[in-house]
Amino acid sequence: MVCVGMSTSATWVPVSSMALRMDGERLFILDQRRLPDEERWIDASNPRVMEDCIRTLAVRGAPLIGVAAALCLGLLVRGGCAPDAFRAAAALLRAARPTAVNLMAAIDRLLAAAAGDDLSHVASIALDVFLDDVARCDAMATHGAALVEDGTGVITHCNSGGLATVGVGTALGVIHRAHAQGKRVHVYVDETRPLLQGGRLTAWELRRLGIPHTLITDSMAAVILRAGRAQRVFVGSDRVARNGDFANKVGTYSLAVAAAHHRVPFHPVAPWTTIDLACADGDAIPIEQRDADEVRGAAGSFGSVRWCPRETEAFNPSFDVTPVALVTSLVTDRGVFSADELRSGVLSALAD
Ligand code: MRU
């Protein structure tokens, strides 16, 4: 569900999506920490509240955090803030999470618009960040759905749908579009340890969309592939390097290794705002390290539990890097690119 309030030529109009509502005066985000059991909205109009929501994953998903931060800054400017206050809020939000480059890209667009202390264009650029993501999701869905045949089993990891973007999504948008075209698809949803975005969020979205799916633990994906139950893998991305290596939720790399072993096509799906030409390859992508307690146990609307001694050392990189060698093709809003095209520099060649 994507709803744009009025004509797209207006500079500031209400907009809403599955996980975000901006009514012109205030910005609300759906608290994704409480899904699937509770749908609670948070007023995140204040940049400090928004920063906390991004850092704690109340609002999450690479494109969505970029849009949410941009609209928050748009509201701040509409409230008449001074250029210094705008830049301080932009710096705060820009540093909230390090891996998803969409966040930095969106804020940098606003900072560029405010060069010379003229803030008059910031709000309309912020609105454009929203509209741009809707259009990019739609284009990715169209390109990606062409790869899906009737009767396909698909594995996906983490959450890459309407809860991670303001449009139909990236990888989940492709699946959604294929389903809407009348193709029979069955989705195997990796639960996605440690924060369970697959089990809590993707299963919630697929149920609402009426798309057949089966929840599996991450370690079961190889069993599904070996049994021939999945013919393709679609995943999102938080940052794609110049050579096609990409970062996504931890567990994506092992899924790619298993898919390659079973010769099952593996496709990251990402908008152009996720591509970072400044990163030559995956080694240059900063990987967020999160609190070890996320691995020692789990917390959510169900309460909290710890399953190991409190003092147990735990490793918690939030993302991993999948090398382009394991990619069949990258689906973007500008088309689908094979691993060979990626290796030969197609992303730089198509840069604006
Ligand atoms: O830590 P999260 O939940 O923000 O991680 C999200 C992902 O890894 C998604 O796959 C990614 O943002 C791309 S999908 C739009």
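Reply: By the rule applied here, the count comes to 22 salt bridges, a salt bridge being a side-chain nitrogen of Lys or Arg within 4 Å of a carboxyl oxygen of Asp or Glu. One of them links Arg 87 with Asp 117, where the closest N and O atoms are 2.8 Å apart. Arg 87 belongs to helix H3 (residues 83-94) and Asp 117 to the loop between H4 and H5, so this pair ties together parts that are 30 residues apart in sequence. Helices (H or I, at least four residues) and strands (E, at least two) are DSSP runs, numbered from the N terminus. In general, side chains of opposite charge can pair when their charged atoms come close.

The model is a predicted one, in which local features need pLDDT of at least 70 and side-chain atom pairs count only at pLDDT 80 or more, while totals for chains, interfaces and linings use all residues. Residues are numbered from 1 along each chain as its sequence is written, and side-chain values use heavy atoms, with hydrogens and water left out.

Most residues other than glycine have a negative phi, and most peptide bonds are trans. Two cis peptide bonds deserve mention here as well. The bond joining Leu 35 and Pro 36 is cis, with omega about 10°, and Pro 36 lies in the loop between strand S4 (27-30) and strand S5 (41-43). The bond from Arg 193 to Pro 194 is likewise cis, with omega near 5°; Pro 194 is found in the loop between strand S7 (185-190) and helix H7 (197-209).

The domain assignment, taken from an automatic or database source, gives domain 1 (15-136) and domain 2 (140-351). Their C-alpha centres lie 23 Å apart. In contact (heavy atoms within 4.5 Å) are 34 residues of domain 1 and 37 residues of domain 2. The area buried between the domains is about 2800 Å², with carbon and sulfur atoms giving 55%; buried area is the accessible area (1.4 Å probe) that two parts lose on being put together, summed over both. On the side of domain 1, Met 18, Thr 99 and Arg 136 lose the most area to domain 2, together 27% of what that side buries.

Two salt bridges cross this interface. Elsewhere in the list of pairs, Glu 288 forms a salt bridge with Arg 97, the closest N and O atoms being 2.9 Å apart. The elements that give two or more residues to the side of domain 1 touching domain 2 are helix H2 (62-78), helix H4 (101-113) and helix H5 (122-145). H5 supplies the largest share, five residues.

Turning to the strands, S14 (residues 297-300) and S15 (residues 303-306) pair in the antiparallel sense over four bridges, pairing being counted if DSSP finds at least two bridges between two strands. A hairpin joins S14 to S15 through two residues, and Gly 297 has Arg 306 in S15 as its bridge partner. A further four strands form an open sheet of mixed pairing, in the order S13-S10-S11-S16. The edge strands, each pairing on one side only, are S13 (275-276) and S16 (319-322). S10 (residues 239-241) pairs with S13 in the parallel sense over two bridges, with Ala 241 opposite Asp 276.
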